[in-house]
Every structure is written in C-alpha cells, then in structure tokens.
Amino acid sequence: MLPTEAAYLAGLIDGEGTISLRKVPQPKCKRGWNWRPTLQVANTDEAMLHRISEITERGWEWCYHYYQGRKLRAGIWRTTGANDILCILSEVLPYLVTKKRHADLLIEACKLILSLPKGKNIQGYESRFLSICPRLFSIHEKMLTLNKRGERWRRAIDIGYKLEI
C-alpha cells in the first residue's frame, strides 16, 4: 500500500469506518461464543468502495437496511480476519486521527488472537484462550467506552453548544 493510499484509507476509516472487537455467538464452540475483530467502511458511493477494494485487495458487498420505513441500500467493505486487520491497520495507523485509539486497541487484540495455537483441538488451546480473555474483555470495554457520548457531550449541551447528531 502506497503512503497516499494509506492516508486516503485512514481518512475514510476516520470518517465512515468502524473499528470493533465483538463477542459473537458460535454454537460449534465449547464456550458458545468467540471474539471477532472487525474493520469496515460503509457508504453508498460505489466508486469509493471499489477504490478501497483495490487498495486492500479485499471485496465489498451491498446490504439493505430500513430507516424511517424506507429501504436503503449501502455498500460495506469489511474484513474480520485478525491477520488482515493487523496488516491494514499497521499501514494506516500513522494517518488516523479520530480512531487512532480504537486502532491501537484492535491491533493489540489481533496480536493476542494470533498468539493462539492454530486449530481448536490442539492441546492447550482452551487454556491459552482463557488466559487472554480477561485482556480481550478489557480491550472490548475500552472500545465501547471510546464510543460513548458521556459527560463531555452532556456538558456541551448544558452550556448551549449546538451539536450535530
């Protein structure tokens, strides 16, 4: 990825992107859940999504959702693999502003996830997984906190700042 492409992608992630670590249901797993790191950009501009795909060499898809009774179409470029996310975020990290702390946390989470032995039936997998879980829960909570509007927002409203929602 060229530096200009990394800066372009960082701007899109800052403005339109989502950096998250989710605990998702996984019925085949003994625990019934697993961690899923996610990096995505959603937008209605098809040309922009194609450009992101060219830069990252990963595809995108159309999805539909309802807003105020209307069916809307949006494209989503998404990657959930810890290796892919680590590669992409490492390159765009110097250019991120708004979501730099999110990216730092997700990079740490991806490194923890990649430190697990390969294959679920390998001896020691479950004990290693349980040993990193407290740190992953901590990262997850920090990322949720970064997205909250909280006191700063309420104080701004109280003293009369007009905030765009």
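Reply: The crossing of α3 and α4 is left-handed, meaning that the near helix is turned anticlockwise from the far one by less than a right angle. This is a predicted model: local features need pLDDT of at least 70, side-chain atom pairs count only at pLDDT 80 or more, and totals for chains, interfaces and linings use all residues. Residues are numbered from 1 along each chain as its sequence is written, and side-chain values use heavy atoms, with hydrogens and water left out.

Two packed helices are described by the angle between their axes and the distance between the axes. Helix α3 covers residues 82-92, and helix α4 covers residues 100-114. They pack at an angle of about 145 degrees, with axes 9 Å apart. Axes are lines fitted to C-alpha atoms over the stretch in contact, and angles run from 0 to 180 degrees between N-to-C directions. Helices here are DSSP runs (H or I, at least four residues), numbered from the N terminus.

Now the residues. From α3 come A82, N83, I85, L86, L89 and S90. In α4 they meet A103, L106, I107, C110, K111, I113 and L114. Contact means heavy atoms within 4.5 Å. These residues divide into 10 nonpolar, 2 polar and 1 charged. Ala, Val, Leu, Ile, Met, Phe, Trp, Tyr, Cys and Pro count as nonpolar; Asp, Glu, Lys and Arg as charged; the others, Gly among them, as polar.

As for the setting, the chain has 6 helices and 4 strands, strands being DSSP E runs of at least two residues. From the N terminus on, the elements run α-β-β-α-β-β-α-α-α-α.
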